[in-house]
Amino acid sequence: ASGNPINILSFGLSTPGSVYSSGKFGFTVESLDKSSISVLPRRDIISSIDRHGGFTQNIECTANENENCHASVTSFCEVIDECSND
């Protein structure tokens, strides 16, 4: 695996991690650190799978049910709510 030779940047919302599985998919952990941005809601079960490389930003999840913490709309509403409180 040669890393990220074409410099693809990635943004993920509520993604599973990819550190442990990086070799299987043909990229290095070091390339994650240079190319990956993830927004991870607390209490999102999917986001807790594997470890995350790169830049990660945790956000709160105020949903009543844990499974709703994986929903994109829940995360977007949390970001909008936090940004509007400034």
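**Terms and the values behind them**

Visitor: Why is Arg-42 called partly exposed?

Guide: The relative accessible area of Arg-42 is 40%. Buried means under 20%, exposed means over 50%, and partly exposed lies in between, with a 1.4 Å probe and protein chains only. Arg-42 is therefore partly exposed. Please note that this is a predicted model, in which local features need pLDDT of at least 70 and side-chain atom pairs pLDDT 80 or more, while totals for chains, interfaces and linings use all residues. Residues are numbered from 1 along each chain as its sequence is written, and side-chain values use heavy atoms, leaving out hydrogens and water.

Visitor: What makes Arg-42 and Glu-60 a salt bridge?

Guide: Their closest N and O atoms are 2.7 Å apart. The term requires a side-chain nitrogen of Lys or Arg within 4 Å of a carboxyl oxygen of Asp or Glu, so this pair qualifies. The structure holds one salt bridge.

Visitor: How do you know how many helices and strands the chain has?

Guide: Helices (H or I, at least four residues) and strands (E, at least two) are DSSP runs, numbered from the N terminus. The chain has two helices and three strands, in the order β-α-β-β-α along the sequence.

Visitor: Why are strand 1 and strand 2 said to pair?

Guide: Pairing requires that DSSP find at least two bridges between two strands. Strand 1 (residues 10–13) and strand 2 share four, so they pair, and in the parallel sense. Phe-11 has Ile-37 as its bridge partner in strand 2. Strand 2 also runs parallel to strand 3 (residues 55–59), with five bridges between them; there, Pro-41 stands opposite Ile-59.

Visitor: What makes strand 2 mostly covered?

Guide: Five of the six residues in strand 2 (residues 36–41) are buried. Ile-37, which is placed in strand 2, has a relative accessible area of 39% and is therefore partly exposed.

Visitor: How do you know that the side chain of Arg-43 reaches the backbone oxygen of Ala-63?

Guide: The separation is 2.8 Å. A polar contact is a pair of N or O atoms within 3.5 Å; within protein, one must be able to donate a hydrogen and the other to accept it, and residues adjacent in sequence count only if both atoms are side-chain atoms. The pair therefore meets the distance limit. Arg-43 and Ala-63 are 20 residues apart in sequence, and their C-alpha atoms are 9.4 Å apart. Beyond four places in sequence, Arg-43 touches several residues, including Cys-61, Asn-64 and Cys-69, where contact means heavy atoms within 4.5 Å.
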